[in-house]
Number of protein chains: 2
Amino acid sequence: MITISKEDYLKEIYNLSCESRAKVSTSTLAEKLSVSNAAISEMAKKLHNSGLVTYEKYKGVKLTGKGKRQALKIIRRHRLWESFLMDALGLSWSEVHAEAEKLEHQTSDFLIDRIDEYLNHPKCDPHGHPIPQRDGKIPAVPQSLNLTAAEKGNCYTIVKVVDENKELMDYLTSISIGLNTEIKLIERLSFDNSILVVIGNSNYRLSEQVASKVFVTLNRNSNE
Amino acid sequence: MITISKEDYLKEIYNLSCESRAKVSTSTLAEKLSVSNAAISEMAKKLHNSGLVTYEKYKGVKLTGKGKRQALKIIRRHRLWESFLMDALGLSWSEVHAEAEKLEHQTSDFLIDRIDEYLNHPKCDPHGHPIPQRDGKIPAVPQSLNLTAAEKGNCYTIVKVVDENKELMDYLTSISIGLNTEIKLIERLSFDNSILVVIGNSNYRLSEQVASKVFVTLNRNSNE
DNA sequence: ATACAAAGTTAAGTATACTTAAATATTTTG
DNA sequence: CAAAATATTTAAGTATACTTAACTTTGTAT
């Protein structure tokens with residue numbers, strides 16, 4: 001039987017394997033899930049026995065096809081709930097993550113499909129992440145660039161934020177950053193890699209840490 | 001800490017004490033929650049130690065003020081979710097119970113208040129049960145009569161169904177019974193207490209078991 | 001090549017929430 | 001009012017999902 005805990009493990013293994021592309025180390029997982037290494041070793045065995053991951057002692061874990069499908073289902077539920085809570089109930093993008101984190105484990109296939117229909121089968125969630133479809137396929141999203149790699153003088157459109165920390169989201173909102181916001185790079189300080197940007201009619205200085213969470217696409221005629 | 005299990009116990013104790021008005025016996029609770037009597041004895045002690053119920057060995061349990069407030073919060077979440085799933089997502093009244101049963105345990109005060117606002121602070125859920133308010137108060141609902149006590153020749157309006165069994169709900173829907181449906185009693189067979197009723201332009205015979213789940217109010221000028 | 005630090009696992013223990021079976025109260029009835 | 005029937009509790013055991021502490025493996029640096 002798949003439990004809430006197991007769903008959380010699978011989701012996290014999926015997220016980590018997207019970044020690293022290979023096997024996920026048990027200590028990285030432990031860190032992300034805020035549990036001990038011992039808890040990971042134990043759960044790795046169980047997930048292996050259920051055919052959801054491959055696991056060899058001292059070698060980390062990797063999702064099987066079955067495990068990946070399951071992980072994508074959970075991510076689908078999470079992202080659809082986030083979208084729905086904003087759309088239907090007017091929650092802000094800083095509020096939806098925590099709620100979706102709980103609701104995602106208690107949502108039938110039937111209900112999630114109804115939510116998907118209500119939203120008209122959206123491709124992306126409120127943070128710009130693609131929403132896995134019913135069949136597990138992940139919609140293609142435009143190639144994007146990290147704000148830390150943006151070039152002076154260019155205009156960009158914000159298409160993704162890769163952290164769901166509430167404080168970060170609230171901060172971005174406070175400086176008028178949202179999905180599809182236009183942003184122009186004025187300068188970069190090589191001292192700390194902070195950048196000065198224009199959003200609307202105001203200038204803001206963003207730290208490298210903040211910029212690293214934001215992804216953009218280059219606008220046409222931005223060099224005019 | 002209050003867990004999903006404890007929430008289910010409190011909710012069930014509340015429901016049973018509404019019917020019986022007094023202490024709830026452990027075996028009745030065990031029956032309703034589909035667990036062993038032993039599980040109830042154990043949990044009764046825990047709930048007593050948390051100040052949520054009073055419990056004396058062999059004497060059953062009773063909600064304290066604190067326990068009742070907690071129970072009403074859970075029932076509020078359940079009924080608001082049911083209303084919301086019908087209203088916002090178009091689920092049928094036979095579908096909402098099972099979904100709400102899961103979502104009710106994963107809903108923050110913040111989210112439930114947003115749902116309440118969306119629905120414009122409804123007084124009743126889709127089955128005609130009053131929805132406890134934010135402050136724990138229960139809206140007054142019109143005095144109603146069980147269909148088994150309805151009188152021949154009278155016209156009634158359906159205001160409540162006190163069972164959320166999916167099969168029953170689907171059956172009622174199939175014979176056009178919903179909340180606010182008008183219904184006229186044609187005759188009652190004393191042999192089995194079944195009744196013959198008119199709904200819309202059709203006649204239906206309802207068993208005593210079905211009628212006992214349905215509550216109505218008498219319509220004015222129904223004797224014309 | 002080995003010694004050592006880092007990474008990972010095992011062992012033992014905890015809390016929750018169940019189970020069945022045995023024991024003990026309570027209630028009913030003859 | 002005592003015996004039988006019923007209701008309830010206790011005891012012992014299970015599964016999940018954690019913990020800390022001790023131990024083992026792996027990889028690296030001299």
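Which residues of helix H7 (residues 166-174) of chain B are buried? I began my notes there.

**Ground rules.** I am working with a predicted model, in which local features need pLDDT of at least 70 and side-chain atom pairs count only at pLDDT 80 or more, while totals for chains, interfaces and linings use all residues. Residues are numbered from 1 along each chain as its sequence is written, chains are lettered from A and ligands numbered from 1 in the order in which they are written, and side-chain values use heavy atoms, with hydrogens and water left out.

**Entry 1: helix H7 of chain B.** I found Leu168(B), Met169(B) and Leu172(B) to be the buried residues of H7(B). Buried means under 20% relative accessible area, exposed over 50%, and partly exposed in between (1.4 Å probe, protein chains only). Helices (H or I, at least four residues) and strands (E, at least two) are DSSP runs, numbered from the N terminus. Looking down the axis of H7(B), I see its buried residues within an arc of 100 degrees, so they line one face of the helix; the arc is taken from the directions from the helix axis to the C-beta atoms. On the face turned away from the buried side I noted the exposed residues Glu167(B) and Ser174(B). The cover over the buried residues includes strand E4 (155-161) and helix H8 (208-211) of chain B, with contact meaning heavy atoms within 4.5 Å.

I then checked both ends. At the start of H7(B), a side-chain oxygen of Asn165(B) comes to within 2.9 Å of the backbone nitrogen of Glu167(B). After the helix comes Ser176(B), with a positive phi near 65 degrees.

**Entry 2: the sheet in chain A.** I traced an open sheet of 6 strands in the order E3-E8-E4-E5-E6-E7, paired antiparallel. Strands pair if DSSP finds at least two bridges between them. Strand E3 (145-146) and strand E7 (202-206) are the edges, each pairing on one side only. Between E4 (residues 155-161) and E8 (residues 214-218) I logged 5 bridges, and Val161(A) has Val214(A) as its bridge partner in E8(A).

**Entry 3: DNA strand D.** A side-chain N or O atom of Tyr55(B) is 2.2 Å from a phosphate oxygen.

Key: Polar contact = N/O pair within 3.5 Å; in protein donor to acceptor, adjacent residues only side chain to side chain.
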